[in-house]
Amino acid sequence: MKKNITINLCGRLFNIDEDAYELLHNYIETLRSYFERQEGGNEIADDLEERIAELLEELKSQGHEAINIEHVKQVITRVGQPEEMDGESPSRESLTLDLSQEGMEDGSAEQNSEKENAEPEGGKQAKSQLGDFFDQLKELFRERRFYRNPKDKMLAGVVSGLASTFEVDVTLLRLGVVAAIVLFSMLGSVFGGHQWLMLVNFNVCLGFAFIYLILALIMPEAETPEQQLKMQGKPVNMQNLAEEVVQNVSEKVDKVKQSSGVKSVFNGILKFFVSIFKFLMVLLALALFTGGVFALLWALFAIHSPETVTQYFDWDMTPIREGNMNMFVTFLVALLAALLIPAYAIVQHLVHPLKVWQRLLLLLVWIVALATAISTGAFLDEVSRHYERADALNLNEMVETEDGVRMRLYELDFLNNHGWRILNGEGCNDRFTAKGEYYVDEYSNNRYLDCYDELHRQRYRAERTDTLMPGRYRLTCAARANGRGAFVYTLVNGQKTLQEIPAKGNTKGGIWQAAADSIDRIRVTTQPDEHGQWEAPHDIKEIVAANDGEGYGWSRLVFEPIVITKPNTALSYGLTSDSQFTGQTWLGQWFSACDFVVEKME
């Protein structure tokens, strides 16, 4: 059952099928769009509409109560042929416009001129062949227009449009593009020294994708029948317009004419890869959007919590906050635009493609935003690095303490901040602290007491003092050494207590061993989870995993009980290799200590 529509065409009423009405409506709109740019075009379109009404009236008089799509096709065919027009009308020449005829006439005029000015036979033939080539090339670019083909597109219709323009099979051209990508990927991988990337060279694929993107931006889509004719290189005349409208509407645009099973298979493969590409583009849009959100959060942290940025992103925000906030805001806005514009363009293309001028505008804004983000980011990074270098130069300055020990400023800052004094620093090579090889991990920024001398000449003594109230106390610390003669000590009311640091070197150690034993006990006393693993505390697992599971030689030293009987009693404790203080000769090259904790016992 079909729906019939009653229309009024030039004062005449007609009953017409719904699909026939769609075809007729599109044809009349195409005619008006085609002629509206010409002088007197509206009158021509009115004459044609009147002619269509007359032909439909003929069908009605023949007993056809409802006009169907076949009737409309017949009418369009008759209107599209000038010889079917009745009488001599002023619009007759306009109806037979053919853009290619002007070129043919110009060509024939040039040929006549050449005949009149004949040249010698030999030079004439060569010049004629060269002239014919350039004439054909000029004719190609004059008559044809480069459009994207909406009828047969996998992504944006670029390859299909080029295939229509140059009259080649679209499937073969697509296969040629894929073959070119594979070939250049292989060449790029071989000459770039990446044979394992033989078929997937990122630079080549990115280059082809960029070229495709540029073509998709600058080539408009052939939306109207006139543009589709130009894309195919066909003359834009009444007959061709009629045929194009009929093909577009009545056949619902024959998307891909598959003449063989091989083409069907190739097209199916291409569609599969296109689907994967579209999925990856959606993921890319999501990643870009997430990156934009992350950049915004990072900026908020940079402004309100600069120490977080310094710790995790190695950017010192101090000089930026003090004198470059405008530049920082510019960098942030440009970075957000560089991330979010591509995300928006991808999503918008999948929902409803943008117009050419909109895409070009977005591309221009994106290029400006990207260039701005790169330039301002590089400037801010240099500001931060310069500040760090200047700060480092100051911190590396050698200073002398109240006890007459010369050391670098950054070590003195650390010692003062933690209440330490270097009472003796002979033979220490101006090194009193270190960081790295912490018992949890190698990359920790925890600084600790440390001393090194290859000839074991150092007489090192670092001391800290706490004032305590009466009670029983415990002192714990972590220490390591690679030889005998290094001690941790306590001093209370002139009474000295020494504990020698175990000479384990920089592997294993008591802390590492205790953690390993703890994990072994967990494995014995608990059931494994569904993956066959035993759940151990995170800090214990980190200690065992340090140094590729070998530890760094740290051991735990404990002093208890430390009995305090009088108020405000001074408890001094520290690290030393001074033989005059310990009574034993130092035999190693280095020793370290950290995490000194004094706590009251229950």
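Predicted model: local features only at pLDDT ≥ 70, side-chain atom pairs only at ≥ 80, totals over all residues.

Student: What makes the span of H19 short of that of a straight helix?

Tutor: H19 has 12 residues, and a straight helix at 1.5 Å a residue would reach 16 Å. The end C-alpha atoms of H19 are only 14 Å apart, so the span falls short.

Student: Which residues of H19 are buried, and how do you know that they are on the same side?

Tutor: The buried ones are Ile540, Ile543, Val544 and Ala546. They cover an arc of only 130° around the axis, and that places them on the same side of H19.

Student: What does the face turned away from the buried side carry?

Tutor: You'll find the exposed residues His538, Ala545 and Asp548 there.

Student: On to the rings! How many aromatic pairs are there in the whole structure?

Tutor: A search finds 10. One of them is phenylalanine 432 with tyrosine 460.

Student: Why is that pair called stacked?

Tutor: Ring centres have to lie within 6.5 Å to pair, and planes under 30 degrees apart count as stacked. Phenylalanine 432 and tyrosine 460 are 6.3 Å centre to centre with 25° between the planes, so they pass both tests.

Student: What does this pair tie together?

Tutor: Phenylalanine 432 sits in the loop between strands S6 and S7, and tyrosine 460 in strand S9, so the pair ties together parts 28 residues apart in sequence.

Student: How do you know that phenylalanine 432 is buried?

Tutor: Buried means under 20% relative accessible area. Phenylalanine 432 has 1%, so it counts as buried. Tyrosine 460, with 0%, is buried too.

Student: And what makes tyrosine 573 and phenylalanine 596 a stacked pair?

Tutor: Their ring centres are 5.8 Å apart and their planes at 20°, so the pair is stacked.

Student: Which rings are linked into a cluster?

Tutor: Ring pairs link Phe432, Tyr460, Trp586 and Phe591.

Student: Last one: what makes arginine 461 lie over the face of phenylalanine 581?

Tutor: Part of the test is a charge within 6 Å of the ring centre. Arginine 461 is at 4.1 Å and lies over the face. Lysine 496 also lies over the face of phenylalanine 581, at 4.3 Å from the ring centre.

Note on methods:
Residues numbered from 1 in each chain as written. Heavy atoms only, no water. Helix = DSSP H or I, 4+ residues; strand = E, 2+ residues; numbered from the N terminus. Buried < 20%, exposed > 50% of the residue type's maximum accessible area, 1.4 Å probe, protein only. Arc of directions from axis to C-beta. Phe/Tyr/Trp six-rings, centres within 6.5 Å; stacked < 30°, edge-to-face > 60°. Lys NZ or Arg CZ within 6 Å of the ring centre and 35° of its normal.
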